[in-house]
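Thank you for making time this morning.

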Amino acid sequence: MTAIPAIPALPTTGINAPNVSTDTSRLASRANLEKAGKQFEAVFTQMMLKSMRNTHLAEELFSSKAIDTFRDMQDQKLSVVMAESKPLGIGKAMVDFLAKSQEALQAPAAAPAPAVAEGPAIGKTP
């Protein structure tokens, strides 16, 4: 019988963990949070499309693994395009929710609209 070589355990905590970044500066960026929101929306949309495709309301005339693979790749690309151009809003909701906890990540407040001086109304007498 041959002995199975022992696999050394990787440290999961501490600075000595290999391939683990300790730089957390990227976490404090609104742009990174918004990018993650778009990616989350794309994944959510892809999962929605996949479950819609799995309903099989009618039997397909031509069915094969190649067509299924192509359709999965097409749905993946479609979900990314949908998330970038016409988002459902779930990614933005996630970004807004996560940004509430950190003041640095909150969206800059819109400047108030300039006050419009009101003149005499047309057709009214003072």
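This is a predicted model: local features need pLDDT of at least 70, side-chain atom pairs count only at pLDDT 80 or more; totals for chains, interfaces and linings use all residues.

**Pockets and a surface patch**

Let me begin with a pocket: the second largest pocket holds about 160 Å³ of space. A pocket here is an open set of points on a 1 Å grid over the protein atoms alone, where a 1.4 Å probe fits, with protein on both sides within 12 Å along at least five of seven lines, and lining residues have an atom within 4 Å of a point. The volume is the space filled by probe spheres set on the points, which are joined across faces, edges and corners.

Residues are numbered from 1 along each chain as its sequence is written, and side-chain values use heavy atoms, with hydrogens and water left out.

As for the overall make-up, the protein chain has three helices and zero strands, where helices (H or I, at least four residues) and strands (E, at least two) are DSSP runs numbered from the N terminus. Of its 126 residues, 12% count as buried, that is, under 20% relative accessible area, with exposed meaning over 50% and partly exposed in between, for a 1.4 Å probe and protein chains only.

Returning to that second largest pocket, which element gives the most to its lining? It is α1, with five residues, and α1 and α3 (90-99) each supply at least two. Among the lining residues are R30, E34, K38, P87 and V95.

The largest pocket has a volume of about 230 Å³, and its lining includes K50, R53, H56, D68 and D75. Two or more of the lining residues come from each of α1 (30-53) and α2 (65-85), and α2 gives the most, with four. By class, this lining has one nonpolar, two polar and seven charged residues; Ala, Val, Leu, Ile, Met, Phe, Trp, Tyr, Cys and Pro count as nonpolar, Asp, Glu, Lys and Arg as charged, and the others, Gly among them, as polar.

Finally, on the surface, F40, F44, M48, M52 and L88 form a nonpolar patch. M48, which is found in helix α1, counts as partly exposed because its relative accessibility is 31%.

Conventions
Patches are made of residues with over 30% relative accessible area and no salt bridge: like charges are joined within 9 Å, nonpolar side chains (Val, Leu, Ile, Met, Phe, Trp, Tyr) within 5 Å. Accessible areas come from the Shrake-Rupley method with a 1.4 Å probe; for residues, only the protein chains shown count as cover. A salt bridge is a side-chain nitrogen of Lys or Arg within 4 Å of a carboxyl oxygen of Asp or Glu.
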